[in-house]
Amino acid sequence: MTSGFAGTMNTAVYGLVAGDASSGSVAIDAGAFNDANPVTGPAVKAYPVTVAEGSTALRVDLDAINDASDLDLYLYNSAGELVAYSATGSGDEQITWAGVPAGEYTAYVHGWGGPSPADYTLTTYVVGSTDDGNLTVSPSSVAVSIAEQTTFTFAWSGLDNSRSYLGWVGYRKAGETVGLTLVSVN
Ligand SMILES: [Ca+2]
């Protein structure tokens, strides 16, 4: 990365946390999802997502099993407000939110197009404020000057091969995070 300041840059690791995966299936009905008032049904499935106090990042990852599927993903807060969505022409969708406020959220999977029904895996990751000891960054502290390129090396260990993980590395100047890199391990 390239520094925007001169001084000492420290790194901080958050995670890695394992994703919580659910298998599901939806019917395909392009008109079934009303984003002003989402209602579950054959083509709309809901998943509660708890973001605890002290959480630092959220990812919701939707993986369609059949690449011919077009599934979409929406995230609502506890007030029923749409706070993020991913609704491309693909079957796979992903929402990533660094700095997510704590609260109760609901993720909706909508079967928009393609063969019906459509199977998928929905995986949620909630990264806390702790270093879980499975990701190392070197150097952890380095002297930088403005516009100087610094290379950091990431290494992970002790992960369960059957799961996927998310975390992030913060770049800090005098205790303030001035940049970050999300780290996914699949
Ligand atoms: Ca889609």
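## A pair in strand 1

Valine 13 stands opposite valine 169 in strand 13. Strands here are DSSP runs of E with at least two residues, numbered from the N terminus. This is a predicted model: local features need pLDDT of at least 70, side-chain atom pairs count only at pLDDT 80 or more, and totals for chains, interfaces and linings use all residues. Residues are numbered from 1 along each chain as its sequence is written.

Strand 13 covers residues 165–173 and runs antiparallel to strand 1, with eight bridges joining them. Two strands count as paired if DSSP finds at least two bridges between them. Strand 1 (residues 7–18) also pairs with strand 11 (residues 141–144). That pairing is antiparallel too, over four bridges. Within it, asparagine 10 stands opposite serine 141.

## The whole protein

How many helices and strands does the protein have? It has zero helices and 14 strands. A helix would be a DSSP run of H or I with at least four residues. The C-alpha atoms fill a box of roughly 55 × 35 × 30 Å, taken along the principal axes.

Of the 186 residues, 31% are buried. Buried means that 20 or more other C-beta atoms lie within 10 Å of the residue's own, with C-beta atoms placed from the backbone. Now take contacts between residues at least 6 apart in sequence: 74% join residues at least 24 apart. A contact needs C-beta atoms, placed from the backbone, within 7 Å.

Four strands form an open sheet in the order 2-9-4-7, with antiparallel pairing. Strand 2 (20–26) and strand 7 (93–98) stand at the edges with a single partner strand each, so one side of each has no neighbour in the sheet. Neighbouring strands are turned by 15 degrees against each other on average, direction ignored. The axes are lines fitted to C-alpha atoms.

Strand 4 (residues 57–64) and strand 9 (residues 118–127) are joined by eight bridges. Leucine 62 stands opposite leucine 122 in strand 9.

## Two domains

The protein is divided into domain 1 (7–15 + 131–185) and domain 2 (18–127). These bounds come from an automatic or database domain assignment. The C-alpha centres of the two domains lie 28 Å apart. Their contact takes 11 residues from domain 1 and 10 residues from domain 2.

Which elements give two or more residues to the domain 1 side? They are strand 1, strand 13 and strand 14 (176–185). Strand 13 gives the most, with four residues.

Technical notes. Contact = placed C-beta atoms within 7 Å. Buried ≥ 20, exposed ≤ 12 C-beta atoms within 10 Å, placed from the backbone. Axes fitted to C-alpha atoms, helices over the stretch in contact; angles between N-to-C directions.
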